[in-house]
Amino acid sequence: MVEHAPSTTDAVPDTAPAAASAAMSDAAADHAGAPDAEGPAPGEAADPARPRRSAATRAAILAAARDRFAADGYERATIRAIARDADIDPSMVMRYYGNKAGLFAAASEIEVHAPDLTHFPREEAGARLVRHFVERWECDETLTAMMRVGVTNEAGAERMRGVFAEQIKPVLAAVCPVPEEAPTRAALIASQILGMALCRYVLHLPPAVGLSHDEVIAWLAPTVQRYLTAEHP
């Protein structure tokens, strides 16, 4: 089948062959005609396994979407390609996420859970912040995937900027000695934390990968602490 040009909807054409529909999962939760992917169709007995299948399907779609957006960028990535990577029918992607814009929003949803630095001694703020993000990078593949997307296309970069503005800047501003300097200090801190993340988890530079958690924290924390609390140079 020839793929249509990418768009923000990237809808599956009505003329798709019947074989595509036949390739859909026989589970009622994964059928395009079912009213709710998490519940049974009218008159159908509840299936305890349905939520697990639905969760697994969503996870497969999101993982494939992050890889495809990172590889192709937002404009070139298509619903069909993502569905093929996830080994499901394209209509299932549309069922769960509506269109490409909705899928991208779900795939790029990030909660960094930045620590409240006002709860710690001022001199520990840099180390606490670095440790938090090192641990998050290690356990959350979504952050790594979005880093790849952010450096390859504008949609991903815009999403990362949004996360930074909404979730990280307020945390840093709370300990910044001069409120009007908070945006500049936040950008400097991001250069350290995101720079290490890029080298360690995306580019896999051997020296960066070889550092232990404690070594990363020991190297970065003093600089991050200076950006947080030191006087303007």
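A charge is said to sit over a ring if NZ of Lys or CZ of Arg is within 6 Å of the ring centre and within 35 degrees of the ring normal. Arg 58 does this with Tyr 97: its charged end is 5.8 Å from the centre of the ring. Lys 100 lies over the face of Tyr 74, with 4.7 Å to the ring centre. This is a predicted model, so local features need pLDDT of at least 70 and side-chain atom pairs count only at pLDDT 80 or more, while totals for chains, interfaces and linings use all residues. Residues are numbered from 1 along each chain as its sequence is written, and side-chain values use heavy atoms, with hydrogens and water left out.

Next come the rings themselves. Rings of Phe, Tyr and Trp (its six-membered ring) pair if their centres lie within 6.5 Å; planes under 30 degrees apart are stacked, over 60 edge-to-face and the rest tilted. By this rule there are five aromatic pairs. Tyr 74 and Phe 104 make an edge-to-face one, at 5.3 Å centre to centre and 80° between the planes. Tyr 74 belongs to helix α2 (residues 50-76) and Phe 104 to helix α5 (residues 100-107), so this pair ties together parts that are 30 residues apart in sequence. Helices here are DSSP runs (H or I, at least four residues), numbered from the N terminus. Phe 69, Tyr 74 and Phe 104 form one aromatic cluster.

Trp 137 and Tyr 201 are stacked, because their ring centres are 6.0 Å apart and their planes at 20°. Trp 137 is in helix α6 and Tyr 201 in helix α9, so here the parts tied together are 64 residues apart in sequence. Trp 137 is buried at 7%, and Tyr 201 is buried at 13%.

Helix α9 (residues 182-202) also packs against helix α8 (residues 154-173), at an angle of about 110° and with the axes 10 Å apart. The axes are lines fitted to C-alpha atoms over the stretch in contact, and angles run from 0 to 180 degrees between N-to-C directions. The two helices are therefore roughly perpendicular, a label for angles of 65 to 115 degrees. Contact means heavy atoms within 4.5 Å, and the residues making it include Phe 164 and Leu 172 of α8 and Pro 183 and Ile 189 of α9.

Notes
Parallel < 35°, antiparallel > 145°, perpendicular 65-115°, else oblique. Buried < 20%, exposed > 50% of the residue type's maximum accessible area, 1.4 Å probe, protein only.
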